[in-house]
Amino acid sequence: MEIRGQKNSGVDGIYSDPNHPDGYRVVRASSGGNVMITLQDEPSGPMVELVGKRSSNGDILIDFSSKGGPKDLAASFKGDKLVFPDGNAWPKL
């Protein structure tokens, strides 16, 4: 799977989130154009599993509904970051 010109190893990795500086995000591409995201916002918080799907334009549409967010939030892979429409960006560690 490619995401905006990046092969699997491009999107796969551990990311930080400036909105949750003590947490982490583990992103991994899986079969069928899916992207699996495991995240924890803080060390004592729950671990959450999210599913994303590659869109036709190369973005990842992530289902944040289990965290009370939107079902299809688009994220673009730019350089070493996942960038969201609100300006938030998860840099790869």
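The model is predicted. Its largest nonpolar core has 17 residues, and 3 aromatic pairs are present in the structure.

**Nonpolar core**
- Within the largest nonpolar core, the residues with the most contacts are Val11, Val27, Ile37, Ile62, Leu82 and Trp90.
- Two or more residues each come from β2 (20-29), β3, β4 (47-54), β5 (60-62) and β6 (73-78).
- Strand β3 gives the most to this core, with 3 residues.
- Beyond its neighbours within four places in sequence, Leu82 contacts a set of residues including Val11, Tyr15, Val27, Ile60, Phe77 and Trp90.

**Aromatic cluster**
- Phe64, Phe84 and Trp90 are linked into a cluster by ring pairs.
- Phe64 and Phe84 pair edge-to-face, at 6.2 Å centre to centre and with 70° between the planes.
- Phe64 lies in the loop between β5 and β6, and Phe84, 20 residues apart from it, in the loop between β7 (81-83) and β8 (89-91).
- Phe64 and Trp90 have ring centres 6.4 Å apart and planes at 75°, so this pair is also edge-to-face.
- Trp90 is in strand β8, so its pairing with Phe64 ties together parts 26 residues apart in sequence.
- Phe64 and Phe84 are both buried, and Trp90 is buried as well.
- Over the ring of Trp90 sits the charged end of Arg25, 5.2 Å from the ring centre.

**Gln40**
- Gln40 belongs to strand β3 (residues 34-40).
- The relative accessible area of Gln40 is 12%, so this residue is buried.
- Not counting residues up to four places away in sequence, Gln40 touches Gly23, Tyr24, Arg25, Gly45 and Pro46.

Terms used:
Residues numbered from 1 in each chain as written. Predicted model: local features only at pLDDT ≥ 70, side-chain atom pairs only at ≥ 80, totals over all residues. Heavy atoms only, no water. Helix = DSSP H or I, 4+ residues; strand = E, 2+ residues; numbered from the N terminus. Buried < 20%, exposed > 50% of the residue type's maximum accessible area, 1.4 Å probe, protein only. Contact = heavy atoms within 4.5 Å. Core = buried A, V, L, I, M, F, W, Y, C linked by side-chain atoms within 4.5 Å. Phe/Tyr/Trp six-rings, centres within 6.5 Å; stacked < 30°, edge-to-face > 60°. Lys NZ or Arg CZ within 6 Å of the ring centre and 35° of its normal.
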